[in-house]
Amino acid sequence: MQAYLPCGVYHQQYSEDHAWWQTKFVWGKMILLGVLLFVVFPWFGGYYLGIMNSIGYTIMGALGVQLLIGFCGQITLGHAAFIAVGAYTSALMLLHIPESQAFWAVFLTKSGLLYPVSIVAAGIVGGLWSVLFGLPSAKVKGFYLIMTTMAAQFITVDFVITQYVAQIGGRGQAFSLPPGTIKIGPWEIDSDVKVYFLMVTLVILMTMAVANLMRSKTGRAWIAIRDNDIAAEAMGINIILYKLKAFFVAGFIAGVAGAFWISNLSAVSPEHFTWFWSLWLVGVILIGGFGSIHGTIFGSLFMVLVMELLQVIVGVLTPWFPSLSMNFLFLKESLFGLSICVFLIFEPNGLSYRWWQIKNYFNLWPFSY
Amino acid sequence: MPQGDNGRGIDYTIEPGLTLAKLFLKQYKKFGRNKVAMREKEFGIWRPITWEDYYRNVKYISLGLVSLGLEPGDKVSMIGDNRPQGLWAEMGAICAGGVGVWLFQDCLMEEVKYIIDHSDTKFLVGEGQEEVDKALAIRGSCPKLKKIIWDDPKGLRNYHDPMLISLEEVMKLGKKLEREDPDLFERMINQGKSEDVALLFYTSGTTSLPKGALLTHYNMLSMGRNMMRVDPCLPTDDFVSFLPFAWIGEQMMSISCGLMVGFTINFPEEPDVAGENIREIGPHTMFAPPRMYEQMVRTVQVKHLDAAPIKRAIYSWAMKTGYRAANLKFDKQPIPLSLSIANKIAYLLCFKKLRDHLGLSRIRNAYTGGAAMGPDHFRFFHSLGVNLKQIYGQTEIAGISVLHRTGHIKFDTVGTPIPETEIKITEDGEILAKSPSVFLGYYKNEEATRTTLVDGWLYSGDKGYIDDDGHLVVFDRSKDVMTLSDGKIFSPQFLETRIKFSPYIKDAWIIGDKRRYVTAVVCIDYAVVGKWADERNLNYTSYPELSQKIEVYELVSKQLQEVNKDLTRAAKIWKFVNLYKEFDADDDELTRTRKLRRAFVEQRYQDILTALYQDVETVHMDTNITYEDGRVSQIKTDLRILQLDI
């Protein structure tokens, strides 16, 4: 979609033509957003920062799902598995490397680089694990791929992680992370504000990476595969390679998201990465809009905020309807189902499409086309 | 917001002996590689061409032409789209002492042959295969033509005619010559004299065969200078060159003013996307025939009709405010504070965006010329705050003699003479002009020169008068003025432009000279009326069928009634007929600059003319239409005649 440019903006170089922000107005908006994200929001209290952190986590999780479903057409219902792989990779590294006396281990622990390195490692392990379960996509697609990705969820989380990985070190189901384990350099991530800054940084990096990937050769190949895999293959795209690349990148993002999320958790356990969370992420991009990075963000905002709102409403109504707070989980799932139904019926292209229409409404002012 | 002149007193002196070529050299030395001389949109970006690139290309083309045998005074013809290469070839010819001739790209074979032969063209620079084909077809009857130069290789792989040579080859020859004689180019430039002929321009002529007007360097330079004295441009300005170079107005901007000021000339990617490309650039100055502005208004009106109710309401309110402010401005009355505030709000709510859509965000001065423009169109642009001005001039006076001044715009006049220009009206009302830009004479047409050029005065053949404010008012060509039944003199063009303000009507031809009543032949706008018909579930398959629908007749009659409201009884339109086709330059109904050739259509549509003044309801037509490739087909149809209630 070519961005709408005002009259008098023209480019003499391709680099200008490809710039993300081409007008002063957009630069202004972005600076404002930066100020909001880095200066204004951190002043908000812990409760709001907690919400924002879960929004950020949802964005990172949904970004990978968006990449697979929205950009590459590979429907996945097992994304939480890769988040779990990332979370466990990072947690295991954080717990076990400090115990080692090897030079590199001591260096990593002392310098505070362990957590950053573990995030990258989590991404790589998550990516490779994802590629493993992406292999069936070479043969199957559509409905059958949903089944194989669901299998990834159950094999990974319910079998491998619960039965084996979680038993490492004999800590029982949950890995509790002692305070002070999660450090970036000298900076110990022990408060919501610090988690928030880590989240904002990661979300910006991930979003930029995906947005840039989408306008590269790889991104175009993914879109070609999504739109018509046979035609894409006929055009000379190695579709298996590109599908696996998509699985890798999606798994990488998931791994990073998982590694990030442990900073917000006191203990890591398989219950954090249920199949419902995979489904939830698909719901997020469905509401946000397939094939749109904006959509990922809008969907995450919508889902988290609506659920928070629900909690507030339930809190207000509890004195009159005590059963509401007991059945909160049930309510939440009903609302999730309901929003998906409503969106599929009334706004099948998601919030990003609505956003696009609103922008167009004003860009085309005072006309309609 | 209305933008005035920048008012910078740049000195535009012309030193004795200055030529276009010398000015070109001077500007190159001044700007060099630090300034972009032109841009061409190619593969999605505006590729810059600096003055150094410009200079180098012109030099090699010029020397290449010399090594092919160009002598001073030889004619080099150019035909093609607006591309930098065209301008380089023209400058190349001029620098070598040659004379540039431009042809309209959509000229039919006959016209091309006539001009090439009549101008004694030695080299023809065509853009691509189409032009090469034309040139090859006519070379038999143009013995003086030596070489055909092409630029775009598309489709030319199997053309091995020895007469053909690519522009690249010409430039290679030029490079070779430069190695042998490095100073030759500057020597050639310095040999030029300002009274040498620089351009030979064929007037499109509403009446007869094209006549070639000889314009000297001094003509072009003084015209550019005097124009810039009125409305100075800045070197940082952008200008979009999208109108045919064969139109004097485009030469005026791209060559005279462009060289004088050194603003950047931008070339669109393709003619089809010129509109979008103009919007991207957002030019600071613009000169186009009324047709272009009419098209803008039409686009706005049509889109407005389809807009959502809120947007429509805001637009309507804003336009009303804008019109009120513009009318007060035209009447030179003070604008009350309340209206001025309302106008500012209207600007923010609507005009700003509207100008952005039209590509007029940065426009400082917009000019229209070549034909009359309706007052409604004028008012429209001024209500948006676009400083639209009328230019009056002819090819024979290098394009411009009279111009509106900022703040003194009257839409029924064409303004006051530019500096160094005198205007005089003869006893029978003909407009005469005298200025340093008046041409030398017609090429190989002594007789026409003698009647047009007397004692340095240019006899324009237009009628007009000078009003109380010293503004020149131009009627149409002398024979285009009509006398109404009540004996009053009336301009049919005025009525036609009023009618054309309706988005549904593309063209109109008003008849009524010395007749009992006024009638109109209307060409509907196929796209707009077609859409209108679609919305009402009216079936149609073609323009002729759509134009003859009774519903369409009713639609048109409503538009005409609207125009009739403000007219005296004798000037009201009584009857009209929807024509089965649009007027077209290929059928000789319009000139290449899209002026109606009244005498010709009168003869061609004799049957309609007669029927309009008889008591009949239909008229049978049996005519030929010419397609762009020269094919002719026959059309037989019955046209409805509708009488309006008055």
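Student: Which elements of chain B are included in what covers the buried residues of α10(B)?
Tutor: In this predicted model, local features need pLDDT of at least 70, side-chain atom pairs count only at pLDDT 80 or more, and totals for chains, interfaces and linings use all residues. Residues are numbered from 1 along each chain as its sequence is written, chains are lettered from A and ligands numbered from 1 in the order in which they are written. Among the DSSP runs (helices, H or I, at least four residues; strands, E, at least two; numbered from the N terminus), those covering the buried residues of α10(B) include β1 (36-42), β10 (238-240) and β11 (264-267).

Student: How many residues of α10(B) are buried?
Tutor: A residue is buried if 20 or more other C-beta atoms, placed from the backbone, lie within 10 Å of its own. Those of α10(B) that qualify include B:Ala274 and B:Ile281. The helix is largely enclosed by the rest of the structure, because the buried residues of its eight number six.

Student: How many residues of chain A are in contact with chain B?
Tutor: Contact requires C-beta atoms, placed from the backbone, within 7 Å. On chain B, α10 (274-281) is one of the elements that each supply at least two residues to the side touching chain A. That side has 25 residues, and the residues of chain A they meet number 15.

Student: How many other C-beta atoms lie within 10 Å of A:Gly78?
Tutor: A:Gly78 sits in the loop between α3 (46-71) and α4 (79-96) of chain A, and residues it touches include A:Phe133 and A:Ser278. A:Gly78 is buried, and the other C-beta atoms within 10 Å number 25.

How values were computed:
Two residues are in contact if their C-beta atoms, placed from the backbone, lie within 7 Å. A residue is buried if 20 or more other C-beta atoms lie within 10 Å of its own, exposed if 12 or fewer, and partly exposed in between; C-beta atoms are placed from the backbone. Lists of a residue's contacts leave out its neighbours within four places in sequence.
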